[in-house]
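Student: Hi, could you walk me through this chain? I'd like the overall picture, then a couple of residues.
Tutor: Happy to; here it is.

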Amino acid sequence: QVQLVESGGGLVQAGGSLRLSCSASRSTLRFDAIGWYRQAPGQQRVLVAAISSGGITNYADSVKGRFAISRDNAKNTVNLQMNNLKPEDTAVYYCNAGVSIFIPGGTWGQGTQVTVSS
């Protein structure tokens, strides 16, 4: 079974940047879509950004223009560059692999905490 491992979370001030990485134990080419989801305390897990095997992307409206998702199939990684972070971006960020850039698949990472201070 494939494993996804997130890294790159941390504490940053508002307006700052972070880069999250998701490393897969198998080739990312095996997945039609890989995405990042986030879950804030007391809230549901929601899509942040996802990318298809062909490079088509899908972003939540709240992060458009600030976040960028990319995949490096040679390194089996998917990255999420987060710029101009806001306190409302604070959440646990999860990597997910599946077949659609609009809904999550069945494979999740363990999550990484992102905290944005005001």
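Tutor: Residues 24 or more positions apart account for 57% of the contacts in the chain with a separation of 6 or more, where contact means heavy atoms within 4.5 Å. This is a predicted model, where local features need pLDDT of at least 70, side-chain atom pairs count only at pLDDT 80 or more, and totals for chains, interfaces and linings use all residues. Residues are numbered from 1 along each chain as its sequence is written, and side-chain values use heavy atoms, with hydrogens and water left out.

Student: How many helices and strands are there in the chain?
Tutor: The chain has 0 helices and 11 strands. These are DSSP runs numbered from the N terminus: helices are H or I with at least four residues, strands E with at least two.

Student: And how much of the chain is buried?
Tutor: Buried residues are 47% of the 118 residues. Buried means under 20% relative accessible area, exposed over 50%, and partly exposed in between, with a 1.4 Å probe and protein chains only.

Student: Let's zoom in. Where is Asn96, and is it buried or exposed?
Tutor: Asn96 sits in strand β9, residues 91-98. Asn96 is buried, at a relative accessible area of 3%.

Student: What does Asn96 touch?
Tutor: Not counting residues up to four places away in sequence, Asn96 touches several residues, including Leu4, Tyr37, Pro104 and Trp108.

Student: Which backbone atoms lie by the polar atoms of the Asn96 side chain?
Tutor: The backbone nitrogen of Gly105 is 2.8 Å from a polar atom of that side chain, and for the backbone oxygen of Thr107 the distance is 3.1 Å. A polar contact is a pair of N or O atoms within 3.5 Å; within protein, one must be able to donate a hydrogen and the other to accept it, and residues adjacent in sequence count only if both atoms are side-chain atoms.

Student: Switching to Glu6: which strand is that?
Tutor: Glu6 belongs to strand β1, residues 4-7.

Student: Then what does the side chain of Glu6 reach?
Tutor: The Glu6 side chain reaches the backbone nitrogen of Gly111 at 2.9 Å. The backbone nitrogen of Gln110 also lies 3.0 Å from a polar atom of the Glu6 side chain.
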